[in-house]
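Here is a short briefing on one structure. Look at the sequence and the model first, then read the points below.

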Amino acid sequence: MEVTLTVNGVEHRADVEPRLLLSDFLRHGLELTGTHVGCEHGVCGACTVLMDGAAVRSCLVFAVQADGCELATVEGLAPGGDELHPIQDAFREAHGLQCGFCTPGILMTLVPFLRENPDPSEAEVRAALSGNLCRCTGYQNIVAATRLAASKLREVEV
Amino acid sequence: MKPAPFEYRRPETVEEVIHLLAEYGDEAKLLAGGQSLIPTMNFRLAQPAMLIDLNTVEGLDGLDAGDDGSLRMGAMVRQAMAEKSALVAERVPLLAETLPYVAHAQIRNRGTIGGNLAHADPRSELPAVMLALAASVTVRGPDGERSIGARDFFAGFFETALEEGELLTEVVLPPAVEGGGQAFLEVSRRLGDYAMVGVAASVVCDGAGRCDQASIALLSVGSRPMLAERASACLVGERPSRATVVAAGHAAGNQDIDPPADMHASVAYRRRLATVLVRRALTTAFERAGCVIGEGAS
């Protein structure tokens, strides 16, 4: 089945089998392996991408369903080769990751969350990240990094 | 590829969906938000030969305010859309209060109201809300349209009153009643997990401050969401008090339900949760209805 979709501002056309998951299409079809697949049944959140601006689990969407959609993945976050997105920068600075496997999904979850909640409380951050599992950190530094990211984003926007 | 192969259709009208359902019968599955169906397909527990995608069907995502104060929601309204809707918050505050408990934000961005109800997971929050509010669903099939009350819709474990060839098109939430108050509560191990027990309570008090109606729906206590009738009987006709809500909690936890045990909660713990949550939810619901009763210890 023919699909046309935009990923990080670049249009792609492809012929895909209906059963191909969006996560596999991104990784294998477009070789955008920044989107990670963990559980592949909608529990871990590692494969979170933005579909028309909303965070979704790409393992629970078929690629054919993204026909005509604007997608954003972690590869599109950094503005340039040497520059990080403010959320990425905050995660680096506050040690918001250890192995990094869950990080792309967490970053993509946070992009719309911090847009809608520019100054979230710790409880709000924990609620927002409840659908993203991290098996290394114990979440403390992820929450700290998120709040640091929020302050960086607020500065950018002023 | 995780799921088994299937044929895929993107109909644009409800009529086309009905034709496809008639043609493929048992072989076909409807794809709404897919947040429960796709995991089971990824596990190959479900292997439909034909997948009918409702995301392209027109006219299923409306949120319409009825003149009588009711609210009609198209089956494909996303849970996140309902959660953020000012109209839902105004007309059906119990639904707005409950939606943040449904899975996680990423799931609610795809998951739909109708898909959730048609899936009829006994652990899900929305069926209990529909029961507590005496909502109804509209379904369409080869013989036309019919309306089914929530009480009759949830027939058993992942089972509904939908007949073969029918699809759920709309949810109708009745208008709020003067003197009404509602509350939702649940206990889960982690935010977004399935609740071990949850309760949606809706009460109506008359002008004299007596309880006129009480609908208390429980989730995760059996094969389907259920109304705690004996708990309601403790309240109706009585002036709400600490004693009546405590009695209702005990009736719910010890008489109305026959809960299962699993790795998350024993039977005794589920009974205890139901007892306490019903008491607390009723206390809040009565307060919101304008009847303040104190909540003490125990």
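How many positive and negative side chains does chain B have, and how far apart do the centres of the two sets lie? Chain B has 28 positive side chains and 38 negative ones, with 9 Å between the centres of the two sets. Lys and Arg count as positive and Asp and Glu as negative, while His and the chain ends are not counted; a charge is placed at NZ of Lys, CZ of Arg, CG of Asp or CD of Glu.

This is a predicted model, in which local features need pLDDT of at least 70 and side-chain atom pairs count only at pLDDT 80 or more, while totals for chains, interfaces and linings use all residues. Residues are numbered from 1 along each chain as its sequence is written, chains are lettered from A and ligands numbered from 1 in the order in which they are written, and side-chain values use heavy atoms, without hydrogens and water.

**Chain B**
- Chain B contains 12 helices and 14 strands (DSSP runs: H or I of at least four residues for helices, E of at least two for strands, numbered from the N terminus).
- Of its 298 residues, 54% are buried (under 20% relative accessible area, with a 1.4 Å probe and protein chains only).
- The C-alpha atoms of chain B fill a box of roughly 60 × 45 × 30 Å along the principal axes.

**A:Ser58**
- A:Ser58 sits in the loop between β4 (54-57) and β5 (70-72) of chain A.
- A:Ser58 is buried, at a relative accessible area of 0%.
- A polar atom of the A:Ser58 side chain lies 2.7 Å from the backbone oxygen of A:Cys47.

Terms used
Buried < 20%, exposed > 50% of the residue type's maximum accessible area, 1.4 Å probe, protein only. Polar contact = N/O pair within 3.5 Å; in protein donor to acceptor, adjacent residues only side chain to side chain.
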